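This report concerns helix packing and one surface feature of the structure shown below.

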Amino acid sequence: YSVYISMIYVCTTFMLKSKMESKEPFRLRKSLALWNIALSIFSMTGTYFMLPELLDAIFNHSFYHSVCISSIAEQSKYWMFMFALSKVIELGDTLFIILRKQKLIFLHWFHHVLAFIYTWYSCSQNISLGKWFVAMNFLIHSVMYFYYALKILQYRIPRTISMTITTLQIVQMILGFFVSYYAFSCTLRGIYCEIPKSTATLGFLIYITFFFMFAQFFINSYLPNWRDKV
């Protein structure tokens, strides 16, 4: 279903973008602010329930346990399910970009599609890496959507804040890449790990792809002079 929804999303996105070329942009300032605040609060709530379990698995058990043993707590399973559903809701971010006639970059819609499909694919298996992926994403989105809300409300925010958020996203990709590789290496060596080898491999490839895309975005957005020299 995630593949079908993604296909509809991509087709609708570019059809609507084409339709908007001859129209005036909508302001939607208050609606977008409420949208971002709602997603930030949702992500904060998810962080509140998911981050403690991840930290408990790492510090009270072991790093191996946090990567290779799936969550059995009903509360965590519920928030993993809610996280998967939120990936459908987050597709609405693109609607605001198109209706306000802002620049729609490849990273935006491609990241939404790939993250959505992989989230549904992996959550359906209750993979052991779920606690890592969900907790990290909830935490980053708590900050990111709150920043977007303040920005659309025209608060003056230092440029370093947006740089920090992008840096956190890159760190998330590095950690996602690392734990996926660790899980993959465990399955390769025959060490018990509650994640299919194919899912670990896919996660490894997706996170390394996202890393390069977000790193390129960071360079293009904040280090243009350095980019030109390179």
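Predicted model: local features only at pLDDT ≥ 70, side-chain atom pairs only at ≥ 80, totals over all residues.

## Helices α8 and α9

Helix α8 covers residues 159–188 and helix α9 covers residues 197–222. Their axes come within 8 Å and cross at roughly 160°. Because angles over 145 degrees count as roughly antiparallel, α8 is roughly antiparallel to α9. The crossing of these two helices, α8 and α9, is left-handed.

## Helices α6 and α9

Helix α9 also packs with helix α6, which is formed by residues 106–123. The axes of α6 and α9 lie 11 Å apart, and the packing angle is about 160°. This angle makes α6 roughly antiparallel to α9. As for handedness, α6 passes α9 in a left-handed crossing.

## A nonpolar surface patch

Which residues form a nonpolar patch on the surface? The patch consists of Tyr1, Val3, Tyr4 and Met7. Together, these four residues have about 530 Å² of accessible area. Met7 belongs to helix α1, which spans residues 2–20.

How values were computed. Residues numbered from 1 in each chain as written. Heavy atoms only, no water. Axes fitted to C-alpha atoms, helices over the stretch in contact; angles between N-to-C directions. Helix = DSSP H or I, 4+ residues; strand = E, 2+ residues; numbered from the N terminus. Parallel < 35°, antiparallel > 145°, perpendicular 65-115°, else oblique. Left-handed = near helix turned anticlockwise from the far one by under 90°. Patch = residues over 30% accessible without salt bridge, like charges linked within 9 Å, V, L, I, M, F, W, Y side chains within 5 Å. Areas by Shrake-Rupley, 256 points an atom, 1.4 Å probe, with all protein chains shown as cover. Salt bridge = Lys/Arg side-chain N within 4 Å of Asp/Glu carboxyl O.
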